[in-house]
Amino acid sequence: MATKNKTITREDIVSKYMDEVLEKGQKPKSVYHFAKENDFTEAEFYAFFGTLEGLEKEIFRLFFANTIDLLHKNADYQEYDMKNKMLSFYFTFFEILTANRSYVLQVLKIDRNPLKNLVQLTSLREAFKEYVSEILTDDYRLEQEKFQKFQEKALQESAWLQLMMTIKFWIEDSSAAFEKTDIFIEKSVNASFELMNVAPMNHLIDFGKFLFKEKIYSKQ
């Protein structure tokens, strides 16, 4: 009596995709070829992913999701201030990247056009920007409400740029245990939070409002 094949899961497909990219040094030509070579059907693939590109994006999103899961398992994490939450994120995220370094290096260099390689980071980008918004505290938020939305978007984009710079540094890091990347993370995060000090900006806005009122009333 024939045994029923094991039901393939999302995690199975992700694992098979990563293995194929590493073993062949290139991405599968199509969903059909990928499914056929890994003994599952196209229908099983499409139950979880719409395209191979969607699968690629999901892998980096999973790196992020696993990072957040690990952070939340630390009982002290919720008590950290914003800077220490960000540092914890960085160190945990890059531990996960390092555990998958061969795959990450392969897919971020596989296309001659670097912009095409970065497309697969779009889901990571959205998840990370949301994370930055979630951990933003009043210590780093402008008092004036009408500037807060602009400030939040600016912080999200600058934080994403910093993460991209750190990934690039990590890719090029040849130090033992990537210790130079650890130093880079600590120094860059500390520097960025020094620049995020909003007290001077609040004072400038208050001064601008004062000058504006004085100019208006002086004409009356």
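Visitor: Before we look at helix pairs, what do the angles run between?
Guide: Angles run from 0 to 180 degrees between N-to-C directions, and the axes are lines fitted to C-alpha atoms. Keep in mind that this is a predicted model.

Visitor: OK. At what angle do helix 5 and helix 10 cross?
Guide: Roughly 155°, with the axes of helix 5 (residues 82–99) and helix 10 (residues 179–195) coming within 10 Å. Angles over 145 degrees count as roughly antiparallel, and helix 5 and helix 10 are therefore roughly antiparallel to each other.

Visitor: Is that crossing left-handed or right-handed?
Guide: Helix 5 passes helix 10 in a right-handed crossing.

Visitor: Which residues meet there?
Guide: From helix 5, Met82, Lys83, Met86, Leu87, Tyr90, Phe91 and Phe94. They meet Thr181, Asp182, Ile185, Glu186, Val189, Asn190 and Phe193 of helix 10. By class, this contact has 9 nonpolar, 2 polar and 3 charged residues.

Visitor: And helix 5 with helix 8, how do they pack?
Guide: The angle between helix 5 and helix 8 (residues 122–135) is about 155°, and their axes are 10 Å apart. That makes helix 5 roughly antiparallel to helix 8. The crossing of these two helices is right-handed.

Visitor: What does helix 5 use to meet helix 8?
Guide: Helix 5 uses Met82, Lys85, Met86, Phe89 and Phe93. On the helix 8 side are Leu124, Phe128, Tyr131, Val132 and Ile135. The contact of helix 5 with helix 8 divides into 9 nonpolar, no polar and 1 charged.

Visitor: Which side chains are we talking about, or rather, which residues meet?
Guide: Arg10, Ile13, Val14, Tyr17 and Met18 in helix 1. Their partners in helix 4 are Leu52, Leu55, Glu56, Glu58, Ile59, Leu62 and Phe63.

Visitor: Now pockets. What volume does the second largest pocket have?
Guide: About 240 Å³.

Visitor: What lines the second largest pocket?
Guide: The lining consists of Leu108, Lys109, Pro114, Asn117, Leu118, Leu121, Met164, Ile167, Lys168, Ile171 and Glu172. Helix 7 (114–118) and helix 9 (145–172) are the elements that give two or more residues.

Visitor: Which helix gives the largest share?
Guide: Helix 9, with 5 residues.

Conventions:
Residues numbered from 1 in each chain as written. Predicted model: local features only at pLDDT ≥ 70, side-chain atom pairs only at ≥ 80, totals over all residues. Heavy atoms only, no water. Helix = DSSP H or I, 4+ residues; strand = E, 2+ residues; numbered from the N terminus. Parallel < 35°, antiparallel > 145°, perpendicular 65-115°, else oblique. Left-handed = near helix turned anticlockwise from the far one by under 90°. Contact = heavy atoms within 4.5 Å. Nonpolar A, V, L, I, M, F, W, Y, C, P; charged D, E, K, R; others polar. 1 Å grid on protein atoms, 1.4 Å probe; cavity = no way out; pocket = protein on both sides within 12 Å on 5 of 7 lines; lining within 4 Å. Points joined across faces, edges and corners; volume = space filled by probe spheres on them.
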